[in-house]
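Me: Please go through this structure with me by question and answer, giving the cut-off for each term as it comes up.

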Amino acid sequence: MRFKFFKRSKKVAIITGATGGLGKDLVKHLSNEHYRIIMVARNIKQLEQISLHYGKEFTGCLCDISHNNEIAYLCNDIRSRFGQIDVLIHSAGTICPGPLEMQTDQMIADQIQVNLTGAILITKGLLPLMKRNSSIIFINSLGGILPLKHSTLYSASKFGLRGFALALSMELRPKRIYVSSIFPGAIETQMLHREMKCGGSILNFCSPPLSTEAVCLTVLKAIRQKKLEYFLPKWSGLQIKPLMMQPSLLKFIMPLLERIGRKGQKAWQEQQLISPPKK
């Protein structure tokens with residue numbers, strides 16, 4: 001599915017998961033930075049609405065990242081019509097919380113595909129368009145550096161995504177193509193609400209859920225600074241990375257984190273009664 005395309009006079013950014021809560025705000029922020037934007041998502045109605053709202057400099061590309069054939073078509077289509085991409089932002093993601101024994105084969109495949117394999121294939125397919133000083137940005141998760149009980153497949157995919165980004169950064173740095181990963185805690189979106197209804201990790205609430213605004217501002221910072229990793233809140237990386245140098249300590253630390261999380265979840269639930277989430 002194609003919508004309006006545009007000339008190549010401005011910098012071009014591609015955003016996957018562009019119709020999600022975070023994705024839509026990324027579109028808005030990059031618009032304010034005068035990027036021309038290619039929005040990738042699987043919801044055609046929302047893509048059309050966003051394209052109509054912003055006008056001719058915004059393009060929607062229909063692609064379900066859970067299907068490799070659609071990824072191949074997307075990459076071929078973009079390569080055939082664009083000479084350069086300045087920013088590639090991987091914002092698409094999915095989670096199916098629950099014990100491993102309750103995960104169906106399809107649930108396992110979907111999480112690995114959307115969170116990891118799809119990002120790898122899109123990056124590979126669009127890499128020929130990435131030139132000097134361009135940026136590839138992965139929206140990862142604190143679940144990519146701290147294992148989440150009952151979200152084992154999500155953690156596995158996000159740990160893998162971090163490893164891919166770190167290795168890719170070494171591979172591409174000589175070409176002056178910069179890879180950054182952003183590791184936010186829980187983000188206040190509909191995805192968080194759906195996750196918690198299905199039994200999501202209590203560790204989501206060790207700190208208050210982040211606004212999409214905070215994550216978007218960090219993405220803009222990553223585009224400018226081109227550092228390797230960013231953690232939200234900032235203290236989380238300082239605490240978690242040393243802890244993961246001794247994973248055997250997790251059995252002692254996790255009960256404390258879960259107590260903090262339960263307290264945080266209670267405060268969050270009380271806040272939802274006062275200010276229900278937007279639909």
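**Packing, pairs and a cavity**

Phenylalanine 138 is buried, with a relative accessible area of 0%, where buried means under 20% relative accessible area, exposed over 50% and partly exposed in between, for a 1.4 Å probe and protein chains only. The model is predicted, so local features need pLDDT of at least 70 and side-chain atom pairs count only at pLDDT 80 or more, while totals for chains, interfaces and linings use all residues. Residues are numbered from 1 along each chain as its sequence is written, and side-chain values use heavy atoms, with hydrogens and water left out.

Me: Which geometry do phenylalanine 138 and phenylalanine 164 adopt as an aromatic pair?
Reply: Rings of Phe, Tyr and Trp (its six-membered ring) pair if their centres lie within 6.5 Å, and planes under 30 degrees apart count as stacked, over 60 as edge-to-face and the rest as tilted. For phenylalanine 138 and phenylalanine 164 the values are 5.9 Å centre to centre and 80° between the planes, so by the cut-off the pair is edge-to-face.

Me: How many residues apart in sequence are the parts that this pair ties together?
Reply: Helices (H or I, at least four residues) and strands (E, at least two) are DSSP runs, numbered from the N terminus. Phenylalanine 138 lies in strand β5 (residues 130-139) and phenylalanine 164 in helix α5 (residues 152-172), so the parts tied together are apart in sequence by 26 residues.

Me: Why do the buried residues of α2 lie on the same side, and over what arc?
Reply: In helix α2 (residues 44-54) the buried residues are Leu47, Ile50 and Ser51. Taking the arc as that of the directions from the helix axis to the C-beta atoms, they are on the same side of α2 because they cover an arc of only 100°.

Me: Which element do the buried residues of α6 pack against?
Reply: Helix α6 (residues 190-197) has Leu192, His193, Glu195 and Met196 buried, and these fall within an arc of 160° seen down the axis, so they line one face of the helix. The face turned away from the buried side carries the exposed residues Arg194 and Lys197. With contact meaning heavy atoms within 4.5 Å, the buried residues pack against α9 (250-274).

Me: Which element gives the most to the lining of the largest cavity?
Reply: On a 1 Å grid over the protein atoms alone, a cavity is a set of points where a 1.4 Å probe fits but cannot get out, and lining residues have an atom within 4 Å of a point. Two or more lining residues come from each of α4 (105-126) and α5. With 5 residues, the element that gives the most is α4.
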